[in-house]
Amino acid sequence: MSEQRIAVVTGGTRGIGAAIADALEADGHKVVIVDVDEAKLAEVGQATGRPAYRMDISDFDNVTEMVAKIESEVGPISILVNNAGITRDGFMHKMKPEAWQAVINVNLSGTFNTCRVIAPGMRDRGYGRIINISSMNGQRGQFGQSNYAAAKAGLLGFTRSIAQELANKGITVNAVCPGFIKTDMTAAMPDDVLKAETAKIPAGRIGNPEDIADMVAFLAREQSSFITGATMSVNGGQYMD
Ligand code: NAP
């Protein structure tokens, strides 16, 4: 067991983020969830008792303002899980620049924004755990997801770079690459695509949010202090890097 820490999980109201919040709480941490949907935040905050804040990770000024609010109302953030993400799929040759930019803004710049604002406090305190949720499709590329794959691949380079910068300050930075996981994001996929993808998974099943949450909780522990800059694949063997 680790000492109780304050953890922020972006996109923490549902899917993988909600499972990560459960797992960190089970490890004894105080979990703060942030998201963009105010009604959902209020509902989940009330149901779980977790402090819940509206924060748009793609907006640097909003992140600055909300992190200051969280740190003054809850306390210093020691664990940051950059989980929030969106998709705007389409063929590259037909993709609207807005669809490209929206995905880069949330999935890549959003993680820069939270790290940029939260890491200085971690450096001052000499302790931190940052876990960035990338994707198997960032490792291998994916038809129809050039924007998403570019952002998720970018996260891996970002993770390795800041892992080097922060390593001597007691801060680890790692990436987790989920394969196909049962959430709203995959429920939006056509049934035949989902079936075909499931058939390609050596483990013979689609993943559960808890499969990812267990890895995140492991990386968030104090005992994981010698793991940094790593890319952890959690995909049932579908892609082996
Ligand atoms: P999800 O069910 O679609 O949830 C995404 C969460 O991100 C939602 O809570 C959403 O908030 C939040 N969010 C979106 N834009 C935001 C913003 N600008 N600021 C703050 N929060 C924002 O997704 P999921 O399937 O659990 O996926 C979680 C992460 O795992 C994502 O990064 C995804 O790319 C990655 N991943 C998922 C899979 C998979 O198979 N599901 C595979 C590989 C990687 P609202 O509720 O307000 O919309």
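**Close-up 1. Glycine 45 in helix 2 of the predicted model.** Glycine 45 is buried, having a relative accessible area of 12%, where buried means under 20% relative accessible area, exposed over 50% and partly exposed in between, with a 1.4 Å probe and the protein chains only. Helix 2, which spans residues 38-48, contains glycine 45; helices (H or I, at least four residues) and strands (E, at least two) are DSSP runs numbered from the N terminus. Between the C-alpha atoms of glycine 45 and valine 34, which are 11 residues apart along the chain, the separation is 9.8 Å. This is a predicted model, in which local features need pLDDT of at least 70 and side-chain atom pairs count only at pLDDT 80 or more, whereas totals for chains, interfaces and linings use all residues. Residues are numbered from 1 along each chain as its sequence is written, and side-chain values use heavy atoms, with hydrogens and water left out.

Close-up 2. A polar atom in the side chain of aspartate 35 is 2.3 Å from an oxygen atom of the ligand, while for aspartate 37 a backbone N or O atom lies 3.0 Å from an oxygen atom of the ligand. At methionine 55, a backbone N or O atom is found 3.4 Å from a nitrogen atom of the ligand. On its own the ligand has 910 Å² of accessible area, of which the protein covers 92%; accessible areas come from the Shrake-Rupley method with a 1.4 Å probe, and for residues only the protein chains shown count as cover.

**Close-up 3. The shell around the ligand.** There are 29 residues around the ligand, and Asp35, Asp56, Asn83, Tyr148 and Thr183 come nearest; a residue is near a molecule or strand if one of its heavy atoms lies within 4 Å of it. By class, the shell comprises 13 nonpolar, 10 polar and six charged residues, with Ala, Val, Leu, Ile, Met, Phe, Trp, Tyr, Cys and Pro counted as nonpolar, Asp, Glu, Lys and Arg as charged, and the others, Gly among them, as polar. Helix 7 gives the largest share of the shell, three residues.

**Close-up 4. Asparagine 147 in helix 6.** Asparagine 147 belongs to helix 6 and counts as buried because its relative accessibility is 0%. A polar atom of the asparagine 147 side chain lies 3.2 Å from the backbone oxygen of alanine 99.

**Close-up 5. Threonine 114 in helix 4.** Threonine 114 has its place in helix 4, residues 97-125, and, with 0% relative accessibility, it counts as buried. Threonine 114 and alanine 163 are 49 residues apart in sequence, and their C-alpha atoms are 15 Å apart in space.

Close-up 6. Serine 58 is located in the loop between strand 3 (52-54) and helix 3 (60-73), and at 29% relative accessibility it counts as partly exposed. The C-alpha atoms of serine 58 and alanine 23, 35 residues apart along the chain, have a separation of 25 Å. Aspartate 214, in helix 9 (residues 209-220), is exposed, with a relative accessible area of 53%.

Notes
Polar contact = N/O pair within 3.5 Å; in protein donor to acceptor, adjacent residues only side chain to side chain.
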